Amino acid sequence: MTSSHPADAPGRVRRRKTSQLGDKIFFNAARGAGILLLVIMAAIAGFLAYRSALALSKNQGNFLTTFEWAPDAPKPVFGIAVLAFGTIVSAVIAMLIAVPVAIGIALFISHYAPRKIAQPFAYLVDLLAAVPSIVYGLWGALFLVPHLDGLTSWMDQYLGWTYVFDQTRAGTTPRTLFTVGILLAIMVLPIITAVTREVFRQVPRMHEEAALALGATRWEMIRTSVLPFGRPGIISASMLGLGRALGETIAVAVVLSSNSVLSLHLLDPGGGTFAQNIALKFNEAGSFGRDALMASGLVLFVITLLVNGAARMIVARRKEYSGANA
């Protein structure tokens, strides 16, 4: 039998009021931070849209289809055809290389490697995400580019019939969109691996144990239980990596030999990306040239928002599984 102590009632009331006050403060602070973030994003979008309108009003060419970039000429002509092509192609190459490797590494860490090996290996993969872009760029220019001559020659010899891998300027340094794609794949690999690994760890133990109890091998268990559960997470991780690949600047500027020629020969030097073009030409551009760069930046801003928004939507579809192993 329990007895109540009236003397404790005022203390409980005070603690309840203090807790409610803390909840209100935290709620309002979180809401204010969210609103502030939306205001900042809207301000950035409005600034870019205003400067873009100033540039597009005087553009003598078609902004979407023109190859040339000469906004400071007497008759300003500029377009994003080459930049859009280079940005998309290099990002697609990076995803084609990085996603399968990231899935393999994530599976090795979460389901194959012993704990003593998995933890240091996972730490090493996460540490790669902290390497600055300029370090990747210098490594790509000084090591990756010189060592790709053999690969590009082999691809030209055996895959040149595809036209895409036909090297029309043999013997040139491979500062190409293909090289940029390989470098971007290395850069986005830690992001995709880390997210995919955490998704695989959320697979319910009951599903894995049930598959093994029915006689499935480890690979069959992964194919029937882990990969179907983690598919939305893999897609969202890939799109987060794609967001970085689309906006990478310094590493691409160091490695790529840019020009205003749109070519489907990926092993030939040339091309360009949005971020690389802005980084290289911002200092030398005049006031109108900077407005033109803002217009290209607005396109990249919209593309990045769409990619990250799509990733968030995919994550939200499977949010009911977060904490499945709790």
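1. D291 is buried, with a relative accessible area of 9%. Here buried stands for under 20% relative accessible area, exposed for over 50%, and partly exposed for what lies in between, using a 1.4 Å probe and protein chains only. D291 pairs with R51 in a salt bridge whose closest N and O atoms are 2.4 Å apart. The term salt bridge requires a side-chain nitrogen of Lys or Arg within 4 Å of a carboxyl oxygen of Asp or Glu.

2. This is a predicted model, in which local features need pLDDT of at least 70 and side-chain atom pairs count only at pLDDT 80 or more, while totals for chains, interfaces and linings use all residues. Residues are numbered from 1 along each chain as its sequence is written, and side-chain values use heavy atoms, with hydrogens and water left out.

3. The structure has six salt bridges. One of them, between D291 and R51, links distant parts of the chain: D291 sits in helix α11 (residues 287-317) and R51 in helix α1 (residues 9-56), 240 residues apart. Helices are DSSP runs of H or I with at least four residues, numbered from the N terminus.

4. A salt bridge also joins D126 to R197, with 3.2 Å between the closest N and O atoms. This pair too links distant parts of the chain, from helix α3 (residues 115-128) to helix α6 (residues 177-201), 71 residues apart. D126 is partly exposed at 34% relative accessible area, whereas R197 is buried at 5%.

5. D126 and R197 belong to a network of salt bridges together with E198 and R201.

6. E248 and R244 form a salt bridge at 3.6 Å, N to O. Both residues, E248 and R244, are buried.

Notes: Helices (H or I, at least four residues) and strands (E, at least two) are DSSP runs, numbered from the N terminus.
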